[in-house]
Every structure is written in structure tokens, then in C-alpha cells.
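Please keep the sequence and the coordinates in view while reading.

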Amino acid sequence: MTHVTLVLVCGPPASLKTTLINIVQCIINKFVEQNSTLRKLCVNKIKLCIENKFMQIDSNWYFINFDKILFNIETEVINESWKQYRLLIANIIEIYIKNNLNLPPPSNELKFLIDYSSFKYAKIIYDRIYQIFYCTKNIPSNNIIIVLEDNFYYHSMRYRYYQIAQCFNTSFMSIHLQCNIHTTLERNKKRNGNVTEQSIHNIQSKYELPDIIWEKNSMIIDTTYGFHLNTIIQFFQLITNVRLKPEKMINFLFEQQQQRDESTKINQTNVIHQTDQIIRKYISTYLKEKLNTISNVQMKKVYAENVNKCRMMFLEKPR
């Protein structure tokens with residue numbers, strides 16, 4: 001019987017998400033750039049520790065990096081409809097899981113699929129994910145591990161994959177990489193294709209840690225000083241444990257409404273969340289009027305960034 005585990009690797013830019021993925025790929029022999037003898041020795045040591053602890057690494061692993069999926073089209077996708085494209089990626093993964101488990105599609109009430117024929121980059125994204133699933137060399141195994149790498153800074157971004165796990169009785173877990181803002185900004189300066197400082201501040205301030213019951217299978221890693229051997233071992237240990245405890249298939253119509261009500265209640269009682277929503281509303285109105293009085297495009301951008309920084313500084317105080 002085939003079993004699927006969904007692993008979300010989450011965190012702000014420059015929090016070492018890709019570094020963690022590279023380490024994992026080294027351990028499972030999917031990383032080809034093992035030129036350094038020292039690197040090989042380190043990988044072998046980690047692998048030996050993991051195998052001695054009876055952790056599961058002999059599975060079919062698939063790695064989906066959102067940056068690579070959106071390579072050269074990210075700006076256009078964001079401008080067109082980023083939320084719908086995120087849903088498209090989740091739907092493609094859902095279809096792959098359904099096909100591997102030989103299960104019927106979800107009930108009509110939970111039909112998440114939408115018509116993407118009018119979306120310009122839908123086929124490019126589909127083809128890139130298809131390549132990952134059907135052109136990756138793997139060993140015969142009934143265990144499938146799908147690792148998704150993205151910011152995933154809102155609960156809602158992660159919840160869609162939890163729904164997939166519930167729908168098909170598969171396993172779900174999330175890894176959250178965190179580090180202080182100074183380290184993040186310094187790392188970002190050294191990266192190829194670095195993101196703006198405003199984006200990093202924005203994601204850091206909005207990041208929602210796994211504090212909801214459906215995210216019980218989660219792990220938070222402080223990557224300020226990189227990764228420790230024990231951290232890597234704990235990562236594989238969590239995968240092994242979660243694989244043995246798949247999410248229960250539920251009565252979606254009832255349970256989903258209950259979960260939606262619970263999430264709404266949490267947001268309504270979250271003072272910072274509510275304060276942020278109110279501030280954003282007033283800032284939006286204020287900037288529309290203020291920016292009309294500024295002719296220089298660069299000055300408009302700088303002014304908007306400064307206003308946003310003031311908002312984040314204000315929200316840090318109650319935090």
C-alpha cells in the first residue's frame with residue numbers, strides 16, 4: 001500500500017530553507033554536487049547517525065521549490081493572481097497523490113479545482129511540477145515524501161496541504177526556520193536574486209507560527225547559527241513518526257466548517273492581527289491621497305516603505 005507524507009519547509013527569505021533541502025538531498029543521495037571529500041565525510045556521518053536510529057530515508061522523495069517553479073515568471077504571476085496560482089500548485093499535487101493512491105477525487109462539495117485555461121502561466125507551472133514527479137529517478141518504494149519549500153508565512157497557505165492530507169488519509173508536517181532579522185538581512189545581501197529588505201521585514205512581521213491544533217506535527221528551528229547534527233536527526237525522526245500517524249479522513253462538510261469557525265474566532269481574538277488590519281486600512285487610504293502629491297516615482301516608493309516600517313515598528317511594541 002502506498003503512503004504519502006507531505007512536508008512543508010517554511011520560513012522567511014534567507015532563513016536557510018534551501019540549505020536544509022540540500023543537506024537532506026545529500027543524505028538520500030539525490031544531491032550530485034558532492035565534490036568535496038570533507039563534504040562526503042560529513043554527509044556519511046549524518047547518514048550513519050540517521051540509519052542507526054532506524055529513521056526512514058528509503059523512500060521516493062520529491063522536492064518542489066516554489067522559486068524554481070516560478071523561475072522567470074514570478075513577477076508576472078504575482079501581478080496576475082498569485083493566490084490562484086498557489087491554489088493551482090496545490091491542486092496539481094493533489095491530483096498526483098490521488099493518482100498514486102488510486103482513489104476517486106474529493107466529493108463535489110470539496111472540489112478545489114478551478115478552470116485555469118485563462119491563466120497565462122498555468123501550463124508552464126504544470127509542466128515544471130510534472131517534470132519533478134514523473135522524471136525523477138527513484139527506487140521502487142511504497143513510501144512517497146513530497147517536500148514543498150516556500151515562505152508559507154500564513155496559516156492559510158499551509159492549511160490547503162493539510163486539507164489534502166485529510167482528504168487522502170496521508171501524513172502532514174511542517175518545518176519552520178527562523179532567525180533574527182539582522183542575520184536574515186546580511187544573508188540576503190550575499191544571495192543571488194536577493195529580495196527587497198521591505199519584503200523580508202514584511203514576511204517576518206506577518207509570520208504565523210504553528211499554534212493551531214492541525215499543525216501539531218511541526219518543528220521550529222532557529223537557523224541564526226546554521227544547523228546542528230541533532231537538528232537534522234530530529235528532522236528525519238519527525239518524518240518517521242509522522243509517517244506512522246496519517247491524518248484521519250473526515251466528514252469535510254461538517255469538520256471544515258468547524259475548523260473555519262475556529263480559525264475565525266482565533267483571528268477575532270488576536271489583538272495584534274486586528275490592530276494590523278485597522279492600521280492597514282487607514283494607511284491604504286492615506287497613501288492613495290499622499291502619493292498623488294509626489295511626482296517622483298522613486299520618492300513614492302521610499303515614502304511608502306517608510307510608512308510601512310513605521311507600521312511594523314508600532315506592531316512590535318505589543319508583541
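Leaving aside its neighbours within four places in sequence, which residues is Ile-64 in contact with? In this predicted model, the contacts of Ile-64 beyond those neighbours are Ile-69, Ile-93, Ile-129, Ile-132, Phe-133, Ile-146, Val-147, Leu-148 and Glu-149. Ile-64 itself is found in strand 2, which spans residues 60-65. With a relative accessibility of 1%, Ile-64 counts as buried, because the limit for that class is under 20%.

In soluble globular proteins, nonpolar side chains tend to be buried together. The largest nonpolar core here has 45 residues, and those that touch the most other members are Ile-64, Ile-93, Ile-97, Ile-125, Ile-146, Leu-148 and Tyr-161. Two or more residues each are given to this core by strand 1 (3-10), strand 2, helix 3 (66-69), helix 4 (74-101), helix 5 (122-134), strand 3 (143-149) and helix 6 (155-168). Helix 4 supplies the largest share, 10 residues. Apart from this core lies another, of 23 residues, which includes Val-7, Phe-63, Ile-175 and Ile-239.

Not counting residues up to four places away in sequence, Ile-146 touches Val-4, Thr-5, Leu-6, Val-7, Tyr-62, Ile-64, Ile-93, Tyr-96, Ile-97 and Phe-133.

Beyond residues up to four places away in sequence, His-3 touches Asn-142, Asn-143, Ile-144, Asn-169, Thr-170, Ser-171, Arg-243 and Pro-246.

The structure holds 19 aromatic pairs. In one of them, the ring centres of Tyr-286 and Tyr-303 are 6.5 Å apart and the planes stand at 35°, so the pair is classed as tilted. Because Tyr-286 lies in helix 11 (residues 271-290) and Tyr-303 in helix 12 (residues 297-316), the pair ties together parts that are 17 residues apart in sequence. Tyr-286 is partly exposed at 39% relative accessibility, and Tyr-303 is likewise partly exposed, with a relative accessible area of 25%.

Another meeting of helices involves helix 7 (residues 181-190) and helix 8 (residues 197-206), which pack at an angle of about 145° with their axes 11 Å apart. The crossing is right-handed. From helix 7, the contact draws on Ile-181, Thr-184, Leu-185, Asn-188 and Lys-189, while helix 8 contributes Glu-197, Ile-200, His-201 and Gln-204. By class, this contact has three nonpolar, four polar and two charged residues.

The overall figures place these details in context. The secondary structure comes to 12 helices and five strands. Of the 319 residues in the protein, 46% are buried.

Methods:
Residues numbered from 1 in each chain as written. Predicted model: local features only at pLDDT ≥ 70, side-chain atom pairs only at ≥ 80, totals over all residues. Heavy atoms only, no water. Phe/Tyr/Trp six-rings, centres within 6.5 Å; stacked < 30°, edge-to-face > 60°. Helix = DSSP H or I, 4+ residues; strand = E, 2+ residues; numbered from the N terminus. Buried < 20%, exposed > 50% of the residue type's maximum accessible area, 1.4 Å probe, protein only. Contact = heavy atoms within 4.5 Å. Axes fitted to C-alpha atoms, helices over the stretch in contact; angles between N-to-C directions. Left-handed = near helix turned anticlockwise from the far one by under 90°. Nonpolar A, V, L, I, M, F, W, Y, C, P; charged D, E, K, R; others polar. Core = buried A, V, L, I, M, F, W, Y, C linked by side-chain atoms within 4.5 Å.
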